Amino acid sequence: MRFEEEALLLIEQGKPLDEHFDTCEDCVEQRRKYEQLGMLVGSFAADRSPHEGWKRRIMDALHTQQHRPQRSYWRATIGIAASIAIVGLALKLSLTPPVDVDLDIEIIAGDTVYRGNSAKPGDSLQLTAVVTGSHGELRLYRTDGRLILACVDEPPCARADDRISATVTVAISGSYRAVAISSSEPVPAATVNLDADVLTARELGAEVEVSDLIIVR
Amino acid sequence: MTGQNDIAEERAGQKVGAGKFGDAIAALMDAYGNQLFRYCASMLSSDEEAQDVLQITFLQAYDGLEAFERRSTFRTWLFSIARNRCLDRIKTNRRHGERVTYAESPPEQSTEHEMTDPKVNQILELCLETLSPMARSAVLLRYQSDLTYSELAAILDEKPGTVQARVARSLPVLKRCVEENGLTL
């Protein structure tokens, strides 16, 4: 039985130690050392104390907090008007859904799921996009000019509220990029040209997120 | 808790009851200011930062006094605030790229009797910094205060068993570090 593995926790728990620890010479020595260590930590920084006048400074700060000058009537009126305007603006913003997008990719290799930029043929990409605009789409391009996936809620995509997800097995070596689009307007159909599609969508005011390159080899 | 602490708790409670929050804070500063400063100085390895956190702790306590329901002692509550503000400060320092500075070479091996206190403190400070902030906090409160494990658990926002295990796991790390740095226990 090792002292560190067995006895330290028992000591902290206030439980009696096994008889072994009272008779084993090494254990008795270890216990003495830990007690010594405890005493050193207990007396560590005992000579340190706050700067002189620290209480007064805190009391001064409290006094300032308690005795803030009263605002005059017109200043209070302006304050209330500004508050109403801010609430109105916040309400307006909350009624207009923001167009935002977020894209997440995990690589599934057998039983292993990880985030990264390299995969092997036969691995799967788990794509998840959060699109808050009224129109959204998830796409996967292979950079040699192939559109692998473009969907909203039809298989292999599945949509739940503002989340679109799809799992795609990448069978062929190459470089891939996923794209998530969120827009308040309908999104133009995908072509095989990632750069052109992204440009078109952005020109229409869509939010677009393009993933890092994922190399499959 | 000591008798003095009991008196301080009672006095602060009376002041809060009477709506005299400034007086309550003054009583708590008298009773616990030095303990809290020492804890913060040990956590942050800096008296200047400990001074800042001490002030923040009491200002925050002042703001929360009226709502404080006294489910714990004032002392436990204050340590809990101080601990959280220390952890904030450690996180901020990390974000700003401040790193723990270690001695370039360990001090020469010395015996307990030969070693001067500044050296012991230097080694302890160095080794406490090798513990995670959570572990450091647990070890410091365990050995520097007379708080029970239930009180420690409340301060650290963990179960008593978790705190006990955390202390038990941290001690061998600390012991190994101080010995490797030349402190003979």
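Q: What percentage of the 217 residues of chain A count as buried?
A: This is a predicted model, in which local features need pLDDT of at least 70 and side-chain atom pairs count only at pLDDT 80 or more, while totals for chains, interfaces and linings use all residues. Residues are numbered from 1 along each chain as its sequence is written, with chains lettered from A and ligands numbered from 1 in the order in which they are written. A residue is buried if 20 or more other C-beta atoms, placed from the backbone, lie within 10 Å of its own, exposed if 12 or fewer do, and partly exposed in between. Of the 217 residues of chain A, the share that counts as buried is 24%.

Q: Which element of chain A has the highest mean pLDDT?
A: The pLDDT is the predictor's confidence in each residue, from 0 to 100; its mean over chain A is 82, and 84% of the residues reach 70 or more. Helices (H or I, at least four residues) and strands (E, at least two) are DSSP runs numbered from the N terminus, and among the elements of chain A the lowest mean, 59, belongs to helix α5 (residues 73–95), whereas the highest, 93, belongs to α3(A).

Q: Over which residues of chain A is the pLDDT below 50?
A: Where pLDDT is low, the predicted coordinates should not be read in detail. Two residues are in contact if their C-beta atoms, placed from the backbone, lie within 7 Å. Beyond near neighbours in sequence, the stretch with pLDDT below 50 has 2 contacts in the model, and it covers residues 67–74 of chain A.

Q: How are α1(A) and α3(A) oriented to each other?
A: Axes are lines fitted to C-alpha atoms, for helices over the stretch in contact, with angles running from 0 to 180 degrees between N-to-C directions. The axes of α1 (residues 3–13) and α3 of chain A come within 11 Å and cross at roughly 55 degrees, and Phe3(A), Ala7(A) and Leu8(A) of α1(A) meet Cys27(A), Gln30(A), Arg31(A) and Tyr34(A) of α3(A). Angles under 35 degrees count as roughly parallel, over 145 as roughly antiparallel, 65 to 115 as roughly perpendicular and the rest as oblique. The two helices, α1(A) and α3(A), are therefore oblique.

Q: Which element gives the most residues to the side of chain A that touches chain B?
A: In the model, 27 residues of chain A are in contact with 34 residues of chain B. On the chain A side, the elements that give two or more residues are α1, α3 and α4 (54–66). With 8 residues, the element that gives the most is α3(A).

Q: How many helices are there in chain B?
A: From the N terminus on, the elements of chain B run α-α-α-α-α-α-α-α. Chain B has 0 strands, and its helices number 8.

Q: Which residue of chain A is in contact with Phe58(B)?
A: Phe58(B) lies in helix α3 (residues 47–64) of chain B and is buried, with 27 other C-beta atoms within 10 Å. Leaving aside neighbours within four places in sequence, Phe58(B) is in contact with Ile25(B) and Met29(B), and, from chain A, with Ile58(A).

Q: Which helix of chain A do the buried residues of α6(B) pack against?
A: Helix α6 (residues 133–144) of chain B has 12 residues, and its buried residues include Val139(B), Leu140(B) and Leu141(B). These buried residues pack against α2 (21–44), α4 (74–95), α5 (117–128), α7 (149–156) and α8 (160–180) of chain B, together with, from chain A, α3 (25–43).

How values were computed: Expected span 1.5 Å × (residues − 1).
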